[in-house]
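Please look over the sequence and the model shown below before reading on.

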Amino acid sequence: MEKLISRLKQNILLQLLTIGLRYLLGAAFVYASIFKIAGIRFMPKPDENTPLNTLGHFFEAMYQAGIYWHFIGWGQLIAGFLMMSQKFSTLGAVAYFPLIANIFVITISFNAPNILLTTSLMLFANIYLLIWDAHRLKFIYMPVSSTYVDNDSSFLKKHIWTYIGLALFCIVVSFRWFQTYRYLH
């Protein structure tokens, strides 16, 4: 399996897909995090006629928790930043996994089919990224310590990907803060 992954990692299209997925998944979390950090609802407040077992009430309960709402926002911002940085993308993918797995389970639990496709794709993309970086995570699942071999191509290691990721991070944060400002005023 490791040799197959190593061979696939030499494919330039898969390398570009990997870089693009890191940007896309990271940007999605960064975008979603800003409202939470600013203390703004993710969804409209449910009215008194809305059944209690709906996704709207669940999000309202998280919002009302205050500190927890901010904590989720900061967690998403950090995971998204790490993912977009390319330099720390493995750590970002590891941090991203429990967050997106939780969101995926929530969409299943509340029978939200319109969101399920998106969260499923995000979860599968994150699993792809974890498999892509499996050689860096061997120390977790290998019982005997093994030698770390960096089999990433020089194309993936170019600093331009880090600069683009940081620029995209700043653009997403700026855009969302502007939306937040407009929402609050």
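## A salt-bridge network

R136 counts as partly exposed, because its relative accessibility is 24% (buried means under 20% relative accessible area, exposed over 50% and partly exposed in between, with a 1.4 Å probe and protein chains only). R136 forms a salt bridge with D133, and the closest N and O atoms of this pair are 3.6 Å apart. A salt bridge here is a side-chain nitrogen of Lys or Arg within 4 Å of a carboxyl oxygen of Asp or Glu. Salt bridges with shared partners link R22, D133 and R136 into one network.

D133 has a relative accessible area of 1% and is therefore buried. Its salt bridge with R22 has the closest N and O atoms 3.5 Å apart. D133 lies in the loop between α6 (113-132) and α7 (138-141), whereas R22 belongs to helix α2, so the pair ties together parts that are 111 residues apart in sequence. R22 is buried, as is D133.

## Basis of the model

This is a predicted model, in which local features need pLDDT of at least 70 and side-chain atom pairs count only at pLDDT 80 or more, while totals for chains, interfaces and linings use all residues. Residues are numbered from 1 along each chain as its sequence is written, and side-chain values use heavy atoms, with hydrogens and water left out.

## The salt bridge of E60 and R41

The structure holds three salt bridges in total. One of them joins the side chains of E60 and R41, at 2.7 Å from N to O. E60 is in helix α3 (residues 55-64) and R41 is in the loop between α2 and α3, so this pair ties together parts that are 19 residues apart in sequence. Helices are DSSP runs (H or I, at least four residues), numbered from the N terminus.

E60 counts as buried because its relative accessibility is 10%. R41, at 25% relative accessibility, counts as partly exposed.

## Packing of α2 and α8

How do helix α2 and helix α8 pack? Helix α2 (residues 12-38) and helix α8 (residues 159-184) meet at an angle of about 25°, and their axes are 9 Å apart. This makes α2 roughly parallel to α8 (angles under 35 degrees count as roughly parallel). Axes are lines fitted to C-alpha atoms, for helices over the stretch in contact, and angles run from 0 to 180 degrees between N-to-C directions.

By class, the contact of α2 with α8 has 19 nonpolar, three polar and one charged residues. Ala, Val, Leu, Ile, Met, Phe, Trp, Tyr, Cys and Pro count as nonpolar, Asp, Glu, Lys and Arg as charged, and the others, Gly among them, as polar.

Methods. Helices (H or I, at least four residues) and strands (E, at least two) are DSSP runs, numbered from the N terminus. Angles under 35 degrees count as roughly parallel, over 145 as roughly antiparallel, 65 to 115 as roughly perpendicular and the rest as oblique.
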